[in-house]
Amino acid sequence: MEHTGLILEGGGMRGSFTAGVLHYFMENDLYFPYVIGVSAGACNGSSYLSRQKDRNRIVNIDYIEHPEYISIKRFFKNRELLGMDFLFNKLPNELAPFDYETFYKAPEKFIVGTTDCQTGQAVYFEKSAHQNNMLTILRASSSLPFIAPEVEYDGKYLLDGGISDPIPIRKSESDGNRKNVVILTRNEGYVKSKSSFQWYVKRKFRHYPSLAKTMLERHETYNKTVQYIEEQEKNGNAFVIRPIEKLEVSRIERNPDKLKRLYVQGYEEAQRKGKALNEFLKRTSISI
């Protein structure tokens with residue numbers, strides 16, 4: 001398993017697919033030595049490392065209709081669509097307790113990607129160096145522009161990690177991982193389109209011009225990254241698990257039935273590709 005990374009794309013509630021995949025991994029006691037994710041991917045990854053097999057389902061699906069989870073009223077009042085205090089305080093500390101002890105003792109390296117508002121560049125935080133602040137970092141990585149405020153941490157103002165590095169395979173490679181398993185939350189063939197609100201991005205983030213530039217170029221960054229991943233997959237250096245059925249789930253989906261179906265789809269797709277994954281991992285000295 002040495003020099004093998006697990007990369008988790010974000011995507012808001014589309015992360016229910018990733019949660020299903022990770023459920024399968026946990027059932028099969030499959031843990032990678034290096035895990036990196038952004039936004040929802042990082043959040044799912046944290047429960048994966050805390051060995052809480054059902055927690056992602058509970059957080060992403062069972063509580064989705066809670067009035068504090070997503071609120072249009074709160075958005076118009078405070079410009080915060082997602083209940084960030086609910087998600088990163090009440091849920092992990094009260095309603096769906098997070099196993100901090102197991103998470104911090106886990107031997108796996110865990111890295112969370114964020115975006116620096118001043119530079120527009122990716123900033124990564126590793127678990128071992130920020131043990132007392134991982135919830136803050138996960139919150140920053142999940143703070144989507146327009147629907148959540150930036151998070152101040154470590155002398156920086158941070159937003160969603162998916163803005164600058166939506167699928168951080170190159171970061172994993174630069175950290176020494178020759179092989180990578182990549183969990184995507186979009187179907188094969190998906191191409192991200194250019195934003196139709198460029199004028200609003202420039203206006204909204206005029207005090208962060210570098211961030212605005214990164215946001216306006218995000219479709220190009222995303223599409224080039226997916227192309228690179230597919231090239232690595234053909235070369236035998238990457239193993240990709242992604243939805244094969246047409247997605248019916250939006251980034252801020254509130255329908256629990258749709259989310260359950262996507263969760264099951266993730267589990268079943270991981271199961272379906274289990275033999276091929278095992279062969280890939282055998283070539284990296286591990287197997288399930």
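**Side-chain contacts in detail**

Tutor: At 48% relative accessibility, arginine 261 counts as partly exposed; buried means under 20% relative accessible area, exposed over 50%, and partly exposed in between, with a 1.4 Å probe and protein chains only. The model is predicted, so local features need pLDDT of at least 70 and side-chain atom pairs count only at pLDDT 80 or more, while totals for chains, interfaces and linings use all residues. Residues are numbered from 1 along each chain as its sequence is written, and side-chain values use heavy atoms, with hydrogens and water left out.

The partner of arginine 261 is glutamate 248, in a salt bridge whose closest N and O atoms are 3.6 Å apart; the term requires a side-chain nitrogen of Lys or Arg within 4 Å of a carboxyl oxygen of Asp or Glu. This pair links distant parts of the chain, with arginine 261 in helix α12 (residues 256–272) and glutamate 248 in the loop between β8 (238–241) and α12, 13 residues apart. Helices (H or I, at least four residues) and strands (E, at least two) are DSSP runs numbered from the N terminus. Glutamate 248, at 52% relative accessibility, counts as exposed.

The count comes to 11 salt bridges. Among them, glutamate 68 and lysine 90 meet through their side chains at 3.1 Å, N to O. Here glutamate 68 is in the loop between α3 (55–62) and α4 (72–78) and lysine 90 is in helix α5 (residues 84–95), so that distant parts of the chain, 22 residues apart, are linked. Glutamate 68 is partly exposed at 30% relative accessibility, and lysine 90 is partly exposed at 26%.

Another salt bridge joins arginine 139 to aspartate 85, with 2.8 Å between the closest N and O atoms. Because arginine 139 lies in helix α7 (residues 134–141) and aspartate 85 in helix α5, the pair ties together parts that are 54 residues apart in sequence. Arginine 139 is partly exposed, with 22% relative accessibility.

We turn next to a histidine. Histidine 23 is placed in helix α1 (residues 15–27) and, at 10% relative accessibility, counts as buried. Its side chain is joined to that of tyrosine 263 by a polar contact of 2.7 Å; such a contact is a pair of N or O atoms within 3.5 Å, where within protein one must be able to donate a hydrogen and the other to accept it, and residues adjacent in sequence count only if both atoms are side-chain atoms. Leaving aside neighbours within four places in sequence, histidine 23 is in contact (heavy atoms within 4.5 Å) with Lys53, Asp54, Tyr263 and Tyr267.

The aromatic rings complete the account. A search of the whole structure finds 14 aromatic pairs. The rings of phenylalanine 103 and tyrosine 104 have centres 5.0 Å apart and planes at 70°, so this pair is edge-to-face. Rings of Phe, Tyr and Trp (its six-membered ring) pair if their centres lie within 6.5 Å; planes under 30 degrees apart count as stacked, over 60 as edge-to-face and the rest as tilted. Ring pairs link Phe98, Tyr100, Phe103, Tyr104 and Phe110 into a cluster. Phenylalanine 103 is buried, at 1% relative accessible area, whereas tyrosine 104 is partly exposed, at 22%. The charged end of lysine 127 sits over the ring of phenylalanine 103, 5.3 Å from its centre; this requires NZ of Lys or CZ of Arg within 6 Å of the ring centre and within 35 degrees of the ring normal. Arginine 170 likewise lies over the face of tyrosine 228, at 3.7 Å from the ring centre.
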